[in-house]
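Here are my notes for you, written as numbered points. Please keep the model open beside you as you read.

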Amino acid sequence: MTTQALLSVAEARDFLLQRARTNSQKTENIHLMRARGRVLARDLVANRAVPPHDNSAMDGYAVRLADVQAGVTLPVSQRIAAGRAPQPLAVGTAARIFTGGVIPPGADAVVMQEDTTANSDSVTFNAGVSLGKNIRRAGEDVEKGTVVIPAGTRLGAAHLGLAAAIGESYVDVLAPLRVAVFFTGDELCEPGETLSVGKIYNSNRYWLRAVLEAQGCAVRDLGVVPDSLAATRLALADAAATCDVVLTCGGVSVGEEDHVKHAVEREGELALWKVAIKPGKPLAFGRVNKADFVGLPGNPVSGFVTFLTLVSPFLRKRQGLPDNTLLTAPSFYKSEFTWGKPDPHRTEFLRVKHAQNEQGETVLKLFPHQGSGVLTSMAWADGLVELAPGQSVAVGDMLPFTPFPW
Ligand code: AMP
Ligand code: MG
């Protein structure tokens with residue numbers, strides 16, 4: 001492929017996914033307490049059943065089925081609280097048992113205490129009972145030997161609880177993908193600094209770090225790099241030496257002050273250059289030493305949309321996540337707006353909000369300023385609508401809406 005080829009959005013996404021290596025990641029064995037949000041490296045197999053013993057689902061009396069009918073009174077032969085080992089149940093007796101208490105050998109049902117009348121050392125049953133009633137069976141939740149959590153799962157609250165339930169204190173997780181970021185542009189200042197003429201604040205740094213960290217990447221932030229070939233080459237080499245992926249913002253167009261393309265060509269290889277995407281278009285992809293390189297356009301909305309639609313699937317696969325989708329499959333809703341100026345050649349992502357109209361239908365509203373630098377559109381919107389090249393929109397058209405993942 002030449003570096004000048006114009007790729008469709010789908011081609012660019014496939015191209016990036018094909019190049020997302022997944023086998024190069026190290027693993028770490030970490031305590032469960034620190035594992036939230038990490039990606040499981042190996043299937044987690046249960047070495048024991050959950051629950052480990054047959055136990056009572058109720059406070060009541062463990063009995064032999066044959067001993068119990070309505071009106072029968074039995075002596076209480078033992079008391080089984082949760083956490084205590086029971087004695088075998090003597091024939092013709094009942095065992096007082098509490099929720100979670102281990103079913104004594106010989107018992108085959110639990111009568112809940114609400115169906116009994118307790119006497120000083122005996123109990124009278126108000127009704128009969130059926131086999132297995134109120135008994136939680138060993139292995140009912142997890143059978144020994146089963147895969148409880150498959151490799152590639154990002155560990156959420158329930159997964160951590162389940163891993164604890166099978167007794168695992170340490171889990172093997174993928175080492176976080178190390179992503180170096182830097183931002184090109186002599187115009188960039190950090191928020192908090194005073195702006196002099198011609199300067200702007202480095203907004204890309206803040207959303208980009210946020211979306212990377214939310215995806216579980218370990219971010220190395222090299223800050224702003226001046227618009228010079230030498231500085232860009234130095235930053236690239238430094239970033240590539242310590243990280244798995246180098247991600248840059250700005251400087252990937254063809255202007256005299258755009259040095260990223262040339263710097264990557266000198267330090268490594270550049271494989272991809274232009275994508276038929278709006279907002280967006282310039283996207284650099286390549287390699288510097290052993291690191292993958294991705295160069296996002298500098299315009300904030302271009303960079304953001306390009307990141308969500310193309311780069312985040314690549315990073316997810318690169319992280320070993322099985323689904324590769326940060327953006328979920330679209331839902332179709334009615335448009336409440338018109339769009340009469342479609343781009344004939346590029347797939348367009350409009351910033352929209354979904355809302356209920358007076359008839360209770362979900363409709364899509366368009367942010368009025370769709371410029372590639374208008375970050376307000378991203379903050380106002382709650383998702384994107386994808387339009388094919390040349391697709392205009394009339395009120396009432398059903399459009400594919402993809403919610404933002406935050
Ligand atoms: P570039 O891709 O470097 O040509 O930049 C395109 C536009 O995005 C220019 O108007 C830049 O000033 C702006 N821009 C580049 N980087 C950033 C950044 N980190 N934060 C905000 N705006 C930026
Ligand atoms: Mg620039």
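1. Let us begin with a term: helices (H or I, at least four residues) and strands (E, at least two) are DSSP runs, numbered from the N terminus. Phi of Asn134 is near 60 degrees, a positive value in a residue other than glycine.

2. A word on how to read the rest. This is a predicted model, in which local features need pLDDT of at least 70 and side-chain atom pairs count only at pLDDT 80 or more, while totals for chains, interfaces and linings use all residues. Residues are numbered from 1 along each chain as its sequence is written, chains are lettered from A and ligands numbered from 1 in the order in which they are written, and side-chain values use heavy atoms, with hydrogens and water left out.

3. Next, find two cis peptide bonds. One joins Val50 and Pro51, with omega about -10 degrees; Pro51 sits in the loop between strand S3 (44–45) and strand S4 (55–56). The other runs from Lys278 to Pro279, with omega near -5 degrees, and Pro279 belongs to the loop between strand S20 (277–278) and strand S21 (282–288).

4. Now turn to ligand 1.

5. Look at the oxygen atoms of ligand 1 and the protein backbone. An oxygen atom of the ligand is 2.8 Å from a polar backbone atom of Gly251. For Gly298, such a distance is 3.1 Å, and for Asn299 it is 3.1 Å. The protein covers 77% of the 480 Å² of accessible area that ligand 1 has on its own (Shrake-Rupley method, 1.4 Å probe).

6. Where is ligand 1 placed? The space that it takes is the largest pocket (more than half of its atoms lie within 2 Å of the grid points). A pocket is an open set of points on a 1 Å grid over the protein atoms alone, with protein on both sides within 12 Å along at least five of seven lines, and lining residues have an atom within 4 Å of a point. The volume of this pocket is about 310 Å³ (the space filled by probe spheres set on the points, which are joined across faces, edges and corners). Its lining has 18 residues, and Thr184, Glu187, Leu188, Gly250 and Gly298 lie nearest its centre. Strand S14 (178–184), S16 and H3 each supply at least two lining residues.

Technical notes. A polar contact is a pair of N or O atoms within 3.5 Å; within protein, one must be able to donate a hydrogen and the other to accept it, and residues adjacent in sequence count only if both atoms are side-chain atoms. On a 1 Å grid over the protein atoms alone, a cavity is a set of points where a 1.4 Å probe fits but cannot get out, and a pocket is an open set with protein on both sides within 12 Å along at least five of seven lines; lining residues have an atom within 4 Å of a point.
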